[in-house]
Protein chains: 2
Amino acid sequence: MVADTPVRQASLREHNLALVLRQVATSPQPISRASIAGITGLTRATVSALVEDLIAGKLVCEVEPARRAGAGRPANGLRLAGYGPAGLGLEVNVDYLAACVVDLTGEVRHHRVCRADQRPCPPEQVLAALAELATEATGAAAAQGLTIAGAALAVPGLVTDRGLVRLAPNLGWRDVDVPEILAGMPTLGDIRVGVDNEANLAALGELHASHAASFIYVSGEIGIGAGIVLDGRLFRGARGFSGELGHVTVHPAGLPCRCGARGCLEQYAGQETILRSAGLPGLSGTDGQTMADRIAELAGEGHPGLLAALEEAGTALGVAAAGVINLLDIDTVVLGGIYAPAAAWLRVHVEREIRERVLTAEWAPVTVRPSALGPEAALLGAAGSVVRAIRDAPARWLTTTARLTGRPTSNGPRSAG
Amino acid sequence: MVADTPVRQASLREHNLALVLRQVATSPQPISRASIAGITGLTRATVSALVEDLIAGKLVCEVEPARRAGAGRPANGLRLAGYGPAGLGLEVNVDYLAACVVDLTGEVRHHRVCRADQRPCPPEQVLAALAELATEATGAAAAQGLTIAGAALAVPGLVTDRGLVRLAPNLGWRDVDVPEILAGMPTLGDIRVGVDNEANLAALGELHASHAASFIYVSGEIGIGAGIVLDGRLFRGARGFSGELGHVTVHPAGLPCRCGARGCLEQYAGQETILRSAGLPGLSGTDGQTMADRIAELAGEGHPGLLAALEEAGTALGVAAAGVINLLDIDTVVLGGIYAPAAAWLRVHVEREIRERVLTAEWAPVTVRPSALGPEAALLGAAGSVVRAIRDAPARWLTTTARLTGRPTSNGPRSAG
């Protein structure tokens, strides 16, 4: 009934490790052991023992204090280490594959995108190509002294708890068992790959980058997905399939969609529709420039067909977004994917529809803005989700590395603090 | 950091009172003190002391055990008392005012609906008429030995935390300070009246009647509202204005709505639209029969205009509901208000649109069903919300009644459990 049983020593140590690491991670300047003790209420001895473990696990490093005038030697400061564990972000999308490595401080240490239409290839072939990108990324991480702690794969589709892709209509995937296929690829070694919907991973990245409490992250690609954050948490739905904004009806008797329905938002605001109605059906990104940047460049030059297409897309997106806001009273719409660099041209149309269609718009304002992580929020969000898991539960990482290196860890009452 | 401080004695007693009352409320048969002790882990002495307080506060009563063969006198059983505190439910809607009294067991002990178009009257006049219904209900409760513990008022509009009605477009209300107006009406005495959106109160009632974890409750009246329950909790939105399903766009360039937008669901599936397109614009309820029952009766007789109108309404409702499910992956749509008795005719159209438009419909089925509380879910949900507040926190009620009657309560370590 009442939670009055004592917390176990082991879980107390786990808790305190995370607590200390959080102080280091959130402090704008390097922070001293004494400051951590002061903030957390832990004893200095406990903090020192925990910090020792975090340093040994390459999660935290010591920095020399800045020289200053006056008496007394200032204490060494602590900050997150950029040479320990890192997260591998992977993405399969309709017209590209991508991989990136993000270290514990959040810095991107490797980034690679391969543009090619994935629709003609069977899933096994797509995932084999992705595994090559992953191997390259792991190598690049190792060359920089980093260890890949885990990977997350973003896919534009409906993903079950255990990583089965139920349906990715724009890729043409149905019931693709991604974990099983990846397990058969020796190149990935024993890196665990979590699979999730790309808009969900992007929304999680956005949540941690912007600290907004309630928003819808809209991922504009060939398909349109959404990640819905309510009260500071990603809302996944009753069966984990929330966020299918691209299949919300905007014209009940409208254009047929790949999903079998009519008038889905995707048919009015998806990337291929925008390019087709702009008279630019063959436009693609290059290795030097993303598709999204190319669109933004042409819009910036005043390409009349593209501006008209963006107006049409922004209007349809605004109708759907207004529905979301009428339903959920969300105060922020985040534009991601190709919508992020095109936000300057889309926003005015989205905002107009919201103003005209949302019952509360007059006194409960809504912000429409581009993603804080830019057009690659899903990829960065995927890598970031691995890093955040370590930051939230460092004990698990310490146990793993101790096993790998044969290094003993303090695990007794000494550091249970 | 870690929740290891001892729980205060007073709050422990509050917790244990609620715990004991919950065992009584959820037991299908009268339950003995010994059984409560066994389930909760509290000592028999503690349970007895707590039960004594609950009996004194008229929350629980003792019932004689059923005679049975064999040795030993069976223990007295406990069940919720039907002669103590009760909840007053009030409702202002576009074409009726209503009041009801629900006792602690959930039984409706008084129910009164006055049908009249409220739109011509200023809010003060509407609320004065409502206060008369409340006085009548309070009298009826007193005549049955019940004490009104509080009231909740359902309104078809956007309500702030403190009960200000920001906007009720179909009533024509804007910034109506209901608590202030009611405070000026001596007939209500010192009964505290909470104000909430009618669909939210209905959804809360539905949540407790059906125990569904994730659903959208759709309230079909002259306006259309929704209460959204996610993971077992009512989701109110960032500013408390969620659930405006009636203003979700179903035809972007469609019919103008009272709210100023075009193509809102309300214009295709609202009560007045249904009656007008059925060729029954003057239809109304009588004192013996509700409007909802009248519609169901005519549909049951096969009225061709009405059947066509219900098809049109059900289709529009299905388009909007499909959008909700694509976004939130909710597994249940509950039809309330006039939709509840008309569910037999609406459901097939709603289900068809969901089947055709929801990406996951094939393997993640959605149930469309009438409200468990029938067309008056908002009124019953309002009264029920008062009763549930007592059941969740009985200590507050016991303190209030002790103050009113001058009766002492046990509040020391004796019953702190």
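Predicted model: local features only at pLDDT ≥ 70, side-chain atom pairs only at ≥ 80, totals over all residues.
**A walk through some strands and helices**

Residues count from 1 along each chain as its sequence is written, chains are lettered from A and ligands numbered from 1 in the order in which they are written, and side-chain values use heavy atoms, with hydrogens and water left out.

A quick word on names: helices (H or I, at least four residues) and strands (E, at least two) are DSSP runs, numbered from the N terminus. Two strands pair if DSSP finds at least two bridges between them.

So, back to β3(A), residues 85-93.

How many residues of β3(A) are buried? That's 9 of 9, where buried means under 20% relative accessible area, exposed over 50% and partly exposed in between (1.4 Å probe, protein chains only). In a regular strand, side chains alternate between the two faces of the sheet. Here A:P85, A:G87, A:G89, A:E91 and A:N93 point one way, and A:A86, A:L88, A:L90 and A:V92 the other.

Next up, a 3-strand open sheet in chain A, ordered β7-β8-β9 and antiparallel. Its edge strands are β7 (158-159) and β9 (173-177), each pairing on one side only. β7(A) is held to β8(A), residues 164-168, by 2 bridges, and A:L158 sits opposite A:L167.

Now look at the loop between β8 and β9 of chain A, where you'll find A:N170. Why does A:N170 count as buried? Because its relative accessibility is 8%. Its side chain makes polar contacts with the side chains of A:R258, at 2.7 Å, and A:E266, at 3.1 Å. A polar contact is a pair of N or O atoms within 3.5 Å; within protein, one must be able to donate a hydrogen and the other to accept it, and residues adjacent in sequence count only if both atoms are side-chain atoms.

There's also a mixed, open sheet of 5 strands in chain A: β13-β12-β11-β14-β15. β13 (233-235) and β15 (367-370) are at the edges with a single partner strand each, so one side of each has no neighbour in the sheet. β12(A), residues 224-230, joins β13(A) through 3 antiparallel bridges, with A:I228 opposite A:F235.

Last, a helix pair in chain A. The axes of α2(A), residues 33-40, and α3(A), residues 44-56, come within 9 Å and cross at roughly 120 degrees. Axes are lines fitted to C-alpha atoms, for helices over the stretch in contact, and angles run from 0 to 180 degrees between N-to-C directions. That angle makes α2(A) oblique to α3(A): under 35 degrees is roughly parallel, over 145 roughly antiparallel, 65 to 115 roughly perpendicular, and the rest oblique.

That's the tour, thanks!
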